[in-house]
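Subject: Structure handover

Hello,

Here is the structure I promised to pass on. My notes follow below it.

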Amino acid sequence: MKKKPQNLISQKWEILLSQAGYRITQPRRAILDIIAESCRPLTPVEIYDLARARSSGIGLVTVYRTIEKLEELHLVDHVHHLGECQTVFRSSDHHQHLLICTNCGTSCYFDGLEVEEQFNQIGQQLGYEVTGHWLQLAGLCEDCQKSHNSKKVPE
Ligand SMILES: [Zn+2]
Ligand SMILES: [Zn+2]
């Protein structure tokens, strides 16, 4: 089995989940690995398909339960896509924003400190105390821009 840096994430998740009283079984470990390793947000069904290829005895219910547990511990975020079903992606360890490729789904986190300051100002102007925001950017990643330029990708 090849070791990827992301395995550290799923190892950390395993510890946190067991501390929260969740038993880590082989199927659950496969699910954790898949979510932790993914560079793009995945739907529960995608997680299910990928996990089944690694470990037998995985049910879709197990996938949903594991996601639920990860959510409770704020280890994954729900990611919204225009016109698509919801997906989950590993959380960043502090408040950050997600930039998502609309073509292949590859995602990365970014800080948005200047924008955040503006959000507070907008709130003040409108007489609100801003206590939170939800910010996600969509675009084309470097690879997809290249293939986009060589051939038109149907939307
Ligand atoms: Zn923010
Ligand atoms: Zn892309």
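In which sense do β3 and β4 pair, and over how many bridges? The pairing of β3 and β4 is antiparallel, over four bridges. (Strands pair if DSSP finds at least two bridges between them. Helices, H or I of at least four residues, and strands, E of at least two, are DSSP runs numbered from the N terminus.)

Before the rest, some ground rules. This is a predicted model, where local features need pLDDT of at least 70 and side-chain atom pairs count only at pLDDT 80 or more, while totals for chains, interfaces and linings use all residues. Residues are numbered from 1 along each chain as its sequence is written, and chains are lettered from A and ligands numbered from 1 in the order in which they are written.

The sheet
L98 sits opposite Y109 in β4. L99 sits opposite C108 in β4. β3 and β4 make a hairpin with five residues between them. In its turn, G105 has a positive phi of about 90 degrees.

The core
The largest nonpolar core has 22 residues. (Such a core is a set of buried Ala, Val, Leu, Ile, Met, Phe, Trp, Tyr and Cys residues joined through C-beta atoms within 7 Å; buried means 20 or more other C-beta atoms within 10 Å of a residue's own, with C-beta atoms placed from the backbone.) I31, I35, I47, A51 and V76 have the most contacts inside it. Elements giving two or more residues include α1 (7-19), α3 (44-52) and β3 (97-101). α2 gives the most, with six residues.

A51 touches P27, A30, I31, I34, I58 and V63, leaving aside residues up to four places away in sequence. (Contact means C-beta atoms within 7 Å, placed from the backbone.)

The domains
Domain 1 covers 1-91 and domain 2 covers 93-155; the bounds come from an automatic or database assignment. Their C-alpha centres lie 23 Å apart. Six residues from domain 1 and seven residues from domain 2 make the contact.

Best wishes

Methods. Two residues are in contact if their C-beta atoms, placed from the backbone, lie within 7 Å. A residue is buried if 20 or more other C-beta atoms lie within 10 Å of its own, exposed if 12 or fewer, and partly exposed in between; C-beta atoms are placed from the backbone.
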